[in-house]
Amino acid sequence: MTVGRLLRTARETLRDAGLRGCLLVRDLDSGDELGIDADVVLPVASLVKVPLAVATVDRIDRGELDGATGITVAPGRVRTPGPTGLSRFRHPATVAIDDLLYLSVAISDEGASDALFALTPPGDVADTLRRFGVDGISVRHRTRDLTDTPAERLAPEVHLAHSLAASATTAGQGHPVAQLDAGRANAGSARAFVELLHALWRPSRIPTAVAARVRELMGDNLLRQRLAPDFSSDASRWSSKTGTVLNLRHEVGVVEHADGQAYAVAALSESTVPAAVQPQAEAALAQVARELHDALRAARG
């Protein structure tokens with residue numbers, strides 16, 4: 001199959017599943033890549049927790065923070081489905097910074113992430129990315145804002161929130177819902193996240209120990225419903241972070257094969273279907289990402 005036909009078929013697969021997809025897959029050694037709308041900037045939801053982890057681990061590495069320091073986190077008192085971990089606790093809990101990192105990345109815990117943002121504010125996280133030469137990711141606010149969406153305010157009529165999310169995006173990626181407005185939310189493109197993954201998995205300006213710890217955290221990701229079924233096997237390791245809010249479904253990660261080849265994958269998507277549960281969309285996004293990966297791997301031989 002030619003590259004042109006592959007990309008046309010991929011777009012059709014996404015469209016049939018009700019998705020607007022922005023994807024990029026890159027061979028981390030050759031630099032060869034395949035993508036669809038890889039430079040489109042979208043709100044990134046919980047993907048922002050990867051830059052947050054980079055900045056936090058860097059401060060630990062430089063001695064500004066002690067990973068063993070306990071941080072008392074107030075209960076989240078969240079009642080709507082979705083948020084995990086400390087966000088759903090009913091009582092205060094004291095957790096070490098190192099363990100907050102695990103909760104933030106591995107189970108996408110909003111409470112843990114906001115405790116880390118209290119130590120390293122969004123502006124400082126953005127500065128860290130720039131210092132390491134990673135551009136294109138805007139870090140503007142903490143993660144608690146992700147849960148203050150119409151889904152919470154319109155509960156139990158959640159379908160109304162998803163109808164608004166799916167129908168109100170402008171051509172310039174604006175949106176009346178702040179979390180879905182690329183100009184106000186934490187935002188980035190598939191290419192920007194592949195650049196960050198490349199810097200974490202191959203020698204870069206990110207210190208070796210910092211990159212190794214963030215790779216470890218992403219390898220511990222427990223949310224496996226999106227790309228993991230198509231990239232995990234006994235002969236490969238999939239390390240990733242998901243991002244989900246309203247009609248946004250994202251995942252970025254690296255697949256490392258037993259033969260030594262490694263590929264960065266960024267799959268960002270918006271659903272045009274006003275529904276919270278969309279297994280067909282999850283499967284289609286993974287299918288397209290895997291097809292792009294397989295084409296690159298076959299070309300390498």
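The side chain of S269 reaches the backbone oxygen of R249 at 2.6 Å, a polar contact being a pair of N or O atoms within 3.5 Å in which, within protein, one atom must be able to donate a hydrogen and the other to accept it, and residues adjacent in sequence count only if both atoms are side-chain atoms. The structure is a predicted model, in which local features need pLDDT of at least 70 and side-chain atom pairs count only at pLDDT 80 or more, while totals for chains, interfaces and linings use all residues. Residues are numbered from 1 along each chain as its sequence is written, and side-chain values use heavy atoms, with hydrogens and water left out.

S269 lies in strand β9, residues 262–271, where helices (H or I, at least four residues) and strands (E, at least two) are DSSP runs numbered from the N terminus. Because its relative accessibility is 1%, S269 counts as buried, a term that means under 20% relative accessible area, with exposed meaning over 50% and partly exposed in between (1.4 Å probe, protein chains only). Among the residues that S269 touches, not counting those up to four places away in sequence, are L19, L42, H250 and L285; contact here means heavy atoms within 4.5 Å.

Helix α2 comprises 13 residues, 49–61, and at 1.5 Å a residue it should span 18 Å, which agrees with its end C-alpha atoms being 18 Å apart; the expected span is 1.5 Å times one less than the number of residues. Of these 13 residues, 11 are buried, and the buried residues pack against α3, α4, α5, α8, α9 and β7. The helix is followed by G63, whose phi is positive, near 85 degrees.

In α4, 8 of the 10 residues are buried, and the buried residues pack against α2, β4, α3 and α5. D109 caps the N-terminal end of α4, with a side-chain oxygen 2.8 Å from the backbone nitrogen of G111.

The largest nonpolar core has 59 residues, and those with the most contacts inside it are L100, L196 and L200; such a core is a set of buried Ala, Val, Leu, Ile, Met, Phe, Trp, Tyr and Cys residues joined through side-chain atoms within 4.5 Å. The largest share of this core, 9 residues, comes from α8.

The protein chain averages a pLDDT of 88, pLDDT being the predictor's confidence in each residue, from 0 to 100. Over residues 149–168, however, pLDDT stays under 50. Where pLDDT is low, the predicted coordinates should not be read in detail.
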